[in-house]
Each structure stands twice: as C-alpha cells, then as structure tokens.
Amino acid sequence: MISVRTLARKERQEFADLLDGLSPQQWQAPTLCADWNVRDVVAHTIAYLGQTRLELTAAMLAAGGQVGRINDRALRTDTESRPDELRVTMRAGTDPSGAGALYGCRVALIECLIHQQDIRRPLGLPRAIPAGPLRASLAFARISPVIGGARRTRGLRLIATDLGWSAGRGPEIHGRGEALLLAMTGRVAAVAAELHGPGVAHLGKR
C-alpha cells in the first residue's frame, strides 16, 4: 500500500509539471479561489508548505485562528516572486516537511491536490486524479478542523460514484470523488452541476 507521504510527494511533483507548461498569460488567469490568479494560488501553496510548525503556530496566533487572515497576510508578503522562481520552488523539496507533514503528510497532499484543481478547471486542463490520493483527501477533508468539511457536510451522506467511497448519514449527495472533495472544501458553486441527490440543496445553503 502506498504511504500518504509518497502520495503527497507525487502530487507536488505533478503540480510542478503543470506549472512548467503554463504560458505567461495563464499565470495571470483567474482560479476557483476568489480574487486569486494562478500566480497567487501557487505562491500561497508554496508558502504554506514551506512553513515550519513553529511558524505556522505563530501565524495562527497572530491571525486569531482565522485561516483567511493567515492566507491574506502571507500573500501580501510575496508579491514579487516571478513564475520562474515559483516553478523552481515547487519542484524543490517535494518531500513533505514542516506544516506540510502535519496529519501524516495529509496537509501537503490535499494542498497540492485541491490547488491544482483550482488552477486546472478554469484553464480547461483537466486531469484524472488517481484513486489513492483522492480517497485519502476525501477522508481528511471530512475531519480537518481547518478545511471545514465536517461543518459543510454535517447531516449529509456523500457517495462517490467513481470510487466506491461513502461517508456520513442523511440526505444523499452523489457525484465523482473530485466534485465531492471540491464541495467539501468550499467550492460548491464550481461543482454544483456535477452533484445530484436530495442533499445537494442543503449543501448549497452552507
């Protein structure tokens, strides 16, 4: 069985491959993250994975535990990094460490998986996400105190039609694992048309 660390390493390597193929115009394109272009998303991902646990704790305290504030502050401190620099940094140090190694390297895995999709979908660059990292990310998103998947899907049953994965109780939501994961991580509007079942209406209100 492949370890989560190995899955996370492969996910970051694939992220780096994606960045190597982007044009200057694509680096400025919008993403699923409101008000963030591709460069912003990449800078955020690298900054987060590069933090030590002590630095992350200090940032959490300074922001009063508000993840949005942490993200905004980190992005304001990195407005000068050029795409070539970001590409090199993404390629380097692919083995999870620091904050990225938290929760058995699941932080690094889900950061690189989700933010790849934030970029790929608007650019029309789809990928077939392997079942292993997708299952691990779905399970983590439901329990992570930062991601908020448990809050968004409380009282609902999620059923991945392509993975044989399901979780929760209540009105059902059916869809591919990727769409369920994006919904759990706050991207409901982007995947609403890919989900079906009586639980979708409840999800859209949260």
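# A conversation about the aromatic pair and the helix packing

Me: How many aromatic pairs does a search of the whole structure find?
Reply: The search finds one aromatic pair in the whole structure. Please keep in mind that this is a predicted model.

Me: Which residues form it, and how are the rings placed?
Reply: The rings belong to Tyr103 and Phe140. Their centres are 5.3 Å apart and their planes stand at 55 degrees, so the pair is tilted.

Me: Why those two values?
Reply: A pair of aromatic rings is described by the distance of the centres and the angle of the planes.

Me: What does the pair tie together?
Reply: Tyr103 lies in helix 7 and Phe140 in helix 8, which covers residues 131-143, so the pair ties together parts that are 37 residues apart in sequence.

Me: Is Phe140 buried or exposed?
Reply: Phe140 counts as buried because its relative accessibility is 5%, and buried means under 20%.

Me: And where does Tyr103 stand on that scale?
Reply: Tyr103 counts as partly exposed, at 48% relative accessibility. Its helix, helix 7, runs over residues 102-123.

Me: What about the phi of Tyr103?
Reply: The phi of Tyr103 is positive, at about 55 degrees, although the residue is not a glycine.

Me: Which residue other than glycine has a positive phi near 70 degrees?
Reply: That residue is Asp35. Asp35 is found in the loop between helix 2 (24-27) and helix 3 (38-49).

Me: Is Asp35 buried or exposed?
Reply: Asp35 is exposed, with a relative accessible area of 79%.

Me: Let us step back. How many helices and strands are there in the chain?
Reply: The protein chain contains 12 helices and three strands.

Me: What share of the residues is buried?
Reply: The chain has 206 residues, and 48% of them count as buried.

Me: And the accessible surface, what does it come to?
Reply: The accessible surface of the protein chain is about 10100 Å². Carbon and sulfur atoms account for 54% of that surface.

Me: What share of the contacts joins residues at least 24 apart in sequence?
Reply: Taking contacts between residues at least 6 apart in sequence, 64% join residues at least 24 apart.

Me: Back to helix 7. How do the axes of helix 1 and helix 7 cross?
Reply: The two axes come within 8 Å and cross at roughly 25 degrees. Angles under 35 degrees count as roughly parallel, and helix 1 and helix 7 are therefore roughly parallel to each other. Their crossing is left-handed.

Me: Which residues meet there?
Reply: From helix 1, the residues include Val4, Leu7, Ala8, Glu11, Phe15 and Leu18. From helix 7, they include Gly104, Ala108, Leu109, Cys112, His115 and Ile119.

Me: Tell me about Leu7. Where does it lie, and is it buried or exposed?
Reply: Leu7 lies in helix 1, residues 4-20. With 12% relative accessibility, Leu7 counts as buried.

Me: What does Leu7 contact beyond its neighbours within four places in sequence?
Reply: Leu7 is in contact with Ile2, Leu109, Gly132 and Pro133 once those neighbours are left aside.

Me: And how far apart are Leu7 and Ile110?
Reply: They are 103 residues apart in sequence, while their C-alpha atoms are 10.0 Å apart in space.

Me: Now helix 8. How does it pack with helix 10?
Reply: Helix 8 packs with helix 10, residues 177-184, at an angle of about 25 degrees, and the axes are 10 Å apart. The two helices are therefore roughly parallel to each other, and their crossing is left-handed.

Me: Which residues are involved?
Reply: Leu134, Ser137, Leu138, Ala141 and Arg142 of helix 8 meet Gly177, Glu178, Leu180, Leu181 and Met184 of helix 10.

Me: One more pair: how do helix 3 and helix 6 pack?
Reply: Helix 3 and helix 6, residues 83-91, pack at about 35 degrees with their axes 10 Å apart. Helix 3 passes helix 6 in a left-handed crossing. The contact is made by Arg39, Val42, Ala43, Thr45 and Ile46 of helix 3 with Leu86, Thr89 and Met90 of helix 6.

Me: Is Thr45 buried or exposed, and what does it contact?
Reply: Thr45 is buried, with a relative accessible area of 0%. Apart from neighbours within four places in sequence, Thr45 is in contact with Phe15, Met90, Glu111, Cys112 and His115.

Terms used
Residues numbered from 1 in each chain as written. Predicted model: local features only at pLDDT ≥ 70, side-chain atom pairs only at ≥ 80, totals over all residues. Heavy atoms only, no water. Helix = DSSP H or I, 4+ residues; strand = E, 2+ residues; numbered from the N terminus. Buried < 20%, exposed > 50% of the residue type's maximum accessible area, 1.4 Å probe, protein only. Contact = heavy atoms within 4.5 Å. Areas by Shrake-Rupley, 256 points an atom, 1.4 Å probe, with all protein chains shown as cover. Phe/Tyr/Trp six-rings, centres within 6.5 Å; stacked < 30°, edge-to-face > 60°. Axes fitted to C-alpha atoms, helices over the stretch in contact; angles between N-to-C directions. Parallel < 35°, antiparallel > 145°, perpendicular 65-115°, else oblique. Left-handed = near helix turned anticlockwise from the far one by under 90°.
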